Amino acid sequence: MSGAVTNIRSGARREWVINLVLLAGLGLVPLWAWFADAPFTITLATRAAILALAGTGLNIALGMGGLVSFGHAVFFGIGGYAMGILASHAQNYDPLVQWPVVIEGTQFMPVIWIVAILAGAVAALVIGALSLRTSGVYFIMITLAFGQMFYYFAISWPAYGGEDGLAIYVRNGFPGLNTLDPIQYFALCFAVLLVVLFFNARLIRSPFGLALNAARQSTQRVEAVGMDPFRLRLAAFVLSGAITALAGALFADLNRFASPAMFSWQLSGEIMVFVILGGVARLCGPLAGAVVFVMLEHFLGGLSEYWHIFLGLLLLLVVLLAKGGLIGLLSGRGAAHG
Amino acid sequence: MSPILFIEQLLNGLQFGIMLFLMASGLTLVFGVMGLINLAHGSLFMIGAFAAAAVAGWSGSFLLGLAAALAAAAAAGVIIETVVIRRLYNRDHLDQVLATFALILILSEGTRWLFGSFPLYLERPSWLAGPVTLPGGIEYSSYRLALIVVGLAIAAGLFFLVTHTRLGDRIRAGESDREMIAALGVDISKLYTIVFALGAALAGLAGALVGAIQSVQVGMGEPVLILAFVVIVIGGIGSIKGALIGALLVGLTDTLGRFLLPILFGTVMDPASATAVGSALASMAIYMLMALVLLIRPQGLFGGAP
């Protein structure tokens with residue numbers, strides 16, 4: 001018994017070491033690339049940081065809340081289009097709203113982020129309120145279906161580019177930074193990721209996080225102590241959608257392009273893959289997963305046009321054999337929860 | 001809007017709904033009996049379409065193509081079930097979703113590797129190429145009419161299979177109590193393989209039949225899969241009757257929405273923006289229908305208690 005407890009403790013310590021190594025690695029590789037003048041590596045690292053942020057958002061619903069959302073691309077896409085719509089109005093000097101008050105578009109990142117977060121939260125509130133009326137396999141199918149609804153809407157709504165998506169000419173601005181410089185934009189995205197991870201670490205230990213965790217394990221017990229599991233889950237879903245929307249705004253800014261593909265079901269699947277490859281309900285699981293995903297995409301994609309076959313095989317092996325994902329494998333802690 | 005055009009759209013909606021039923025019935029059977037959510041069901045639809053296009057193109061016979069689609073999809077179903085799916089029955093839904101998502105990646109890219117990225121074309125058989133004249137002087141595609149007839153016949157056959165045959169007894173027994181029928185000496189793992197292969201064959205057949213009215217390409221299965229999920233959410237999980245009603249509702253809502261909404265908006269707007277707004281809203285109509293059903297009956301129209 002005491003041996004098992006020591007094992008859990010040393011596993012937890014090892015997980016913290018792995019987390020620090022991961023974060024330091026993601027921070028240092030672009031720094032090295034900057035000295036070595038390899039801007040593409042910096043872009044890859046920025047991509048990994050942003051996708052990790054999207055996965056961190058999903059991890060709140062999936063890992064803490066046990067809500068298997070297969071529609072998180074909705075929030076990613078909403079963040080992307082929040083950026084695209086605000087920035088395109090600003091660059092064309094065409095007010096967003098003419099009446100009753102004139103609202104201009106903006107190319108100022110903090111405002112774009114706030115709009116993306118709010119829009120993601122509202123969408124998550126509506127989708128969550130509907131789909132949390134069910135559970136289990138229904139929930140998966142419904143979130144997938146709502147994702148498809150947004151995808152088709154983005155394609156068939158011509159005002160903002162329809163199938164062509166929405167491109168902007170210059171990356172949006174952040175006070176004191178030249179965001180067009182790859183290393184500065186990376187630093188900005190990395191800082192956002194660190195802030196969200198810190199917030200997430202606090203959230204896990206907060207009364208809300210503990211209650212949510214309890215609701216995942218036993219709905220009846222949580223109800224018995226007078227809490228409402230529906231509201232806990234809805235709050236987690238809204239928070240989760242808001243963070244993924246923020247990631248979407250950063251991602252669209254990285255590419256200077258908001259594409260309807262940001263709403264696609266494949267992307268929902270990929271965001272889920274980051275979380276699972278890294279390890280569900282682990283603070284840096286999505287980060288590990290996103291880093292591995294971007295590396296696979298880069299190296300396998302260079303080897304073979306059909307690299308998705310290898311990604312599929314790897315995912316299949318992780319699901320069938322390695323419960324707890326990569327971090328679980330490395331820290332020897334098995335599944336974070338069963 | 002002429003009544004003839006409306007009836008034509010009504011038939012299109014019916015045809016679309018019937019094809020969705022072929023997909024949704026397999027999904028709902030697999031879920032009802034094995035408790036498994038299978039995202040790779042869309043890949044079986046795609047496999048059927050590719051097998052039909054390849055064999056029909058090589059032999060010149062559409063019927064041979066259909067037979068190939070049934071055989072290829074059922075065989076793929078048996079292989080997938082024995083190699084991967086069997087290990088997922090006792091796992092949670094998250095593992096099932098991920099493993100079958102991995103299967104989509106493998107099967108889609110594998111098909112792209114075999115057949116290339118360009119779409120294939122599946123010719124309609126010459127004896128169903130022209131239009132037929134229906135009572136009332138309505139000209140309608142004979143192929144689409146054949147799809148409706150064949151689909152309804154398969155639906156009837158499926159109902160008969162589930163309610164009047166020994167296999168059907170076992171399937172229904174498996175739905176209600178899996179341990180009990182295993183204890184009564186039914187080889188449960190063989191039953192699971194058969195049910196999975198049956199669902200796969202239905203999906204493959206749907207893929208082949210639909211393949212002749214659209215292009216056969218990688219990724220064609222997943223949009224249909226997601227529509228089949230909408231059908232199941234509306235109809236109620238595990239219910240074949242629910243799948244039929246849900247599929248017809250979704251098929252008609254989608255087709256008539258695309259037809260009527262632009263006309264409806266045309267009465268208050270200029271034609272260009274009416275088309276834009278109408279078609280954008282029409283693309284959301286079935287999801288609105290799903291949301292409505294969720295508000296009124298979260299367990300679906302024919303589902304038991306959630």
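Predicted model: local features only at pLDDT ≥ 70, side-chain atom pairs only at ≥ 80, totals over all residues.

User: How many residues of helix 2 of chain B are buried?
Analyst: Of its 19 residues, 15 are buried, so helix 2 of chain B is largely enclosed by the rest of the structure.

User: And what comes just after helix 2 of chain B?
Analyst: Gly60(B) follows, with a positive phi of about 80°.

User: Switching to chain A: at what angle do helix 2 and helix 10 of chain A cross?
Analyst: Their axes cross at roughly 80° and come within 9 Å. Helix 2 and helix 10 of chain A are therefore roughly perpendicular to each other.

User: Which residues make that contact?
Analyst: Helix 2 of chain A contributes Leu51(A), Ala52(A), Ala54(A), Gly55(A), Leu58(A), Asn59(A), Leu62(A) and Gly63(A), while helix 10 of chain A contributes Ile271(A), Met272(A), Phe274(A) and Val275(A).

User: Now the chains. How many residues of chain A are in contact with chain B?
Analyst: In chain A there are 35, in contact with 37 residues of chain B.

User: Which elements of chain A give two or more residues to that side?
Analyst: They are helix 5 (136-156), helix 10 (265-278) and helix 12 (307-321) of chain A. Helix 5 of chain A gives the largest share, 14 residues.

User: What is the make-up by class of the side of chain A that touches chain B?
Analyst: That side has 27 nonpolar, 7 polar and 1 charged residues.

Notes
Residues numbered from 1 in each chain as written. Chains lettered and ligands numbered in written order. Contact = placed C-beta atoms within 7 Å. Helix = DSSP H or I, 4+ residues; strand = E, 2+ residues; numbered from the N terminus. Nonpolar A, V, L, I, M, F, W, Y, C, P; charged D, E, K, R; others polar. Buried ≥ 20, exposed ≤ 12 C-beta atoms within 10 Å, placed from the backbone. Axes fitted to C-alpha atoms, helices over the stretch in contact; angles between N-to-C directions. Parallel < 35°, antiparallel > 145°, perpendicular 65-115°, else oblique.
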